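Subject: Structure handover

Hi,

Here is the structure for you to open. My notes on it follow below.

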Amino acid sequence: MIAEFKKRDTVMLTIAPEGTRGKVREWKTGFYHIAVGAGVPLVCGLMDYKRKHGGLGPAIWPSLVT
């Protein structure tokens with residue numbers, strides 16, 4: 001995915017950080033590593049199926065934490 005971001009001018013990738021649509025206690029980290037490696041922001045989204053409402057939050061520029 002990092003290589004795909006670098007090849008293209010415009011890419012939008014949607015990933016559930018849990019790796020599933022079910023509830024989990026911890027997020028997987030692949031989405032974070034893709035964003036850092038590609039130098040792109042993360043944008044959190046929300047979906048409320050009951051109310052049929054969705055939205056996007058602000059862009060968050062991740063940094064590599066060592």
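Which residues does Val36 touch, not counting residues up to four places away in sequence? Val36 touches Pro62, Ser63 and Leu64; contact means heavy atoms within 4.5 Å. Val36 and Pro62 are 26 residues apart in sequence, yet 6.1 Å apart in space, C-alpha to C-alpha. Val36 is found in helix α2. At 24% relative accessibility, Val36 counts as partly exposed. Here buried means under 20% relative accessible area, exposed over 50%, and partly exposed in between, with a 1.4 Å probe and protein chains only.

Before you read on, the ground rules. This is a predicted model, in which local features need pLDDT of at least 70, side-chain atom pairs count only at pLDDT 80 or more, and totals for chains, interfaces and linings use all residues. Residues are numbered from 1 along each chain as its sequence is written, and side-chain values use heavy atoms, with hydrogens and water left out.

Overall layout

The protein has two helices and two strands. From the N terminus on, the order is α-α-β-β. Helices (H or I, at least four residues) and strands (E, at least two) are DSSP runs, numbered from the N terminus. Buried residues make up 14% of the 66 residues. The accessible surface of the protein comes to about 6100 Å². Of that surface, 58% belongs to carbon and sulfur atoms. Accessible areas come from the Shrake-Rupley method with a 1.4 Å probe; for residues, only the protein chains shown count as cover. Among contacts with a separation of 6 or more, 29% are between residues 24 or more positions apart.

The core

The largest nonpolar core has eight residues: Phe5, Phe31, Tyr32, Ile34, Ala35, Ala38, Val40 and Leu42. Helix α2 (residues 30–38) gives the most to this core, with five residues. A nonpolar core is a set of buried Ala, Val, Leu, Ile, Met, Phe, Trp, Tyr and Cys residues joined through side-chain atoms within 4.5 Å. In soluble globular proteins, nonpolar side chains tend to be buried together. Take Ala38 from the core list. Leaving out residues up to four places away in sequence, Ala38 touches Ile2, Phe5 and Lys6.

The hairpin

Strands β1 (residues 42–48) and β2 (residues 53–60) pair in the antiparallel sense over six bridges. Two strands pair if DSSP finds at least two bridges between them. Which residue in β2 is the bridge partner of Met47? That partner is Gly54. Val43 has Ala59 in β2 as its bridge partner. The hairpin of β1 and β2 has four residues between the strands. In this hairpin, Lys52 takes a positive phi near 55 degrees.

Salt bridges

How many salt bridges does the structure hold? There are three. A salt bridge is a side-chain nitrogen of Lys or Arg within 4 Å of a carboxyl oxygen of Asp or Glu.

- Glu4 and Lys7: the closest N and O atoms are 2.9 Å apart. Glu4 and Lys7 are three residues apart in helix α1, so about one helical turn separates them. Glu4 is partly exposed, at 24% relative accessible area. Lys7 is exposed, at 61%.
- Arg8 and Glu4: the side chains meet at 2.7 Å, N to O. Arg8 is partly exposed, at 48% relative accessibility.
- Asp48 and Arg51: the side chains meet at 2.8 Å, N to O. Asp48 is partly exposed, with a relative accessible area of 22%. Arg51 is exposed, at 66%.

Salt bridges that share partners join Glu4, Lys7 and Arg8 into one network.

A surface patch

Met1, Leu13 and Ile15 form a nonpolar patch on the surface. Together they have about 250 Å² of accessible area. Patches are made of residues with over 30% relative accessible area and no salt bridge; like charges are joined within 9 Å, and nonpolar side chains (Val, Leu, Ile, Met, Phe, Trp, Tyr) within 5 Å. Leu13 is found in the loop between α1 (2–7) and α2. Leu13 is partly exposed, with a relative accessible area of 35%.

Best wishes
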